Amino acid sequence: MLRYLPFLLVLAVWIYAFIDVLNTPEKEVRHFPKVVWVILVLLFGEVLLGPIAWFVTGKVRHAPGAGGGRGRAQWVAPDDNPEFLKSLKDEKPDDGEKKRDRGSDS
């Protein structure tokens, strides 16, 4: 079974690179058009030259934790968000809450 492992690893990298090329938007592809990268990955995938070339130079990579360049704000828990805590302090209780509070005192 171990003699098939290198073949399976090469096949997995080949398939992953091919799918990655297909799913990458055209504006994030560098050096060649997307169609050329597909052909390179397919033709030279068996010897891993195409996939390695794609991973190293073909796609614009974003730094981890940078949000992927989409401009989305990172999620913050409510108890860590000072704006949310301030909004809780600014809220005034409803009239119904005031009546219940007075009723429970007597």
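Student: What makes a stretch of residues count as a helix here, and where is L8 placed?

Tutor: Helices are DSSP runs of H or I with at least four residues, numbered from the N terminus; in this predicted model, L8 lies in helix α1, which spans residues 5-23.

Student: Why is L8 called partly exposed?

Tutor: Buried means under 20% relative accessible area and exposed means over 50%, with partly exposed in between; the relative accessibility of L8 is 42%, so L8 counts as partly exposed.

Student: Which nonpolar residues form a patch with L8 on the surface?

Tutor: The patch is made up of M1, Y4, F7, L8, L11, I15 and I19, which together have about 740 Å² of accessible area.

Student: How do you know that the buried residues of helix α3 lie on the same side?

Tutor: In α3, residues 49-58, the buried residues are G50, P51, W54 and G58; they cover an arc of only 100° around the axis, and therefore they are on the same side of the helix. The face turned away from that buried side carries the exposed residues L49 and V56.

Student: What covers the buried residues of α3?

Tutor: The cover includes helix α1 and helix α2, the latter being residues 34-43.

Notes
Residues are numbered from 1 along each chain as its sequence is written. This is a predicted model: local features need pLDDT of at least 70, side-chain atom pairs count only at pLDDT 80 or more; totals for chains, interfaces and linings use all residues. Side-chain values use heavy atoms; hydrogens and water are left out. Patches are made of residues with over 30% relative accessible area and no salt bridge: like charges are joined within 9 Å, nonpolar side chains (Val, Leu, Ile, Met, Phe, Trp, Tyr) within 5 Å. Accessible areas come from the Shrake-Rupley method with a 1.4 Å probe; for residues, only the protein chains shown count as cover. A salt bridge is a side-chain nitrogen of Lys or Arg within 4 Å of a carboxyl oxygen of Asp or Glu. Helices (H or I, at least four residues) and strands (E, at least two) are DSSP runs, numbered from the N terminus. Buried means under 20% relative accessible area, exposed over 50%, partly exposed in between (1.4 Å probe, protein chains only). The arc is that of the directions from the helix axis to the C-beta atoms. Contact means heavy atoms within 4.5 Å.
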